[in-house]
Amino acid sequence: RSRSRRVTIFIVRHAERADAANGSPATMASDPDLSEAGRLRAELGHALEDAAITEIYVTEYKRTQQTAAPLAKVSGVNATIVPAKETGTLIARLRSSTGNSLVVAHSNTLPDIIKALGVSAPVTVDDSEYDNLFVVTRGSPAQLIHVHYR
C-alpha cells in the first residue's frame with residue numbers, strides 16, 4: 001500500500017533591499033536590487049537544496065528573483081514569475097502542484113498566501129523582518145511551521 005506524499009511549500013519574503021539599507025522607507029513602486037546583506041541571506045537558499053523543490057515562484061520584482069537565484073542554480077529549477085498582484089493565480093498553481101515549492105513573496109502578500117493555503121493561524125510580517133521561513137504542509141488542515149533563518 002502506497003502512502004500519499006505530503007506536499008510542502010516553503011515561503012519566504014525577499015531578502016534585504018538595497019534601497020532600505022539606509023533606513024529610508026522602501027516602496028513597492030521601486031525595483032531595487034538586493035543589498036549586500038540581502039545577497040548573503042539569499043545564499044541561505046542552499047539550505048533548501050535537499051528539500052526536493054520542484055517549483056520556484058517569484059514576483060516580477062528583481063528582489064524576489066535575486067533571493068531565489070542561489071537555490072534555482074543549485075537545484076536546476078527555473079523560477080516562474082507570477083505577478084505580486086495575482087495571488088489567486090499563485091494559489092491555484094500551489095494547490096495543483098504535486099511537488100515541493102519555494103515561494104519568494106513580499107511582507108504584504110505573505111499573510112494572504114499562507115491564509116489561502118488553509119492555515120488558520122494569523123501571520124504577520126513586519127517591514128523590517130527578512131528572516132522568516134514559513135513551511136506549509138498541504139492537507140486538511142494545512143500545517144504551518146514558522147522558523148527564522150539568519
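Mentor: Two strands pair if DSSP finds at least two bridges between them. A strand is a DSSP run of E, at least two residues long, numbered from the N terminus. This is a predicted model, where local features need pLDDT of at least 70, side-chain atom pairs count only at pLDDT 80 or more, and totals for chains, interfaces and linings use all residues. Residues are numbered from 1 along each chain as its sequence is written, and side-chain values use heavy atoms, without hydrogens and water.

Trainee: Which residue of β5 is the bridge partner of T8?

Mentor: T137 is. Strand β1, residues 8–13, pairs with β5 in the antiparallel sense, over 5 bridges.

Trainee: How many bridges join β5 to β6?

Mentor: There are 6, and these strands also run antiparallel. β6 covers residues 143–148. There, H146 stands opposite F134.

Trainee: What lies between the strands in the hairpin of β5 and β6?

Mentor: 5 residues. In this hairpin G139 takes a positive phi near 155°.

Trainee: How do I read the side-chain directions?

Mentor: In a regular strand, side chains alternate between the two faces of the sheet. In β5, N132, F134 and V136 point one way. L133, V135 and T137 point the other way.

Trainee: Are these β5 residues buried or exposed?

Mentor: All are buried, that is, under 20% relative accessible area (1.4 Å probe, protein chains only).

Trainee: Why is β5 called largely enclosed by the rest of the structure?

Mentor: Because 6 of the 6 residues of β5, residues 132–137, are buried.

How values were computed
Buried < 20%, exposed > 50% of the residue type's maximum accessible area, 1.4 Å probe, protein only. Helix = DSSP H or I, 4+ residues; strand = E, 2+ residues; numbered from the N terminus.
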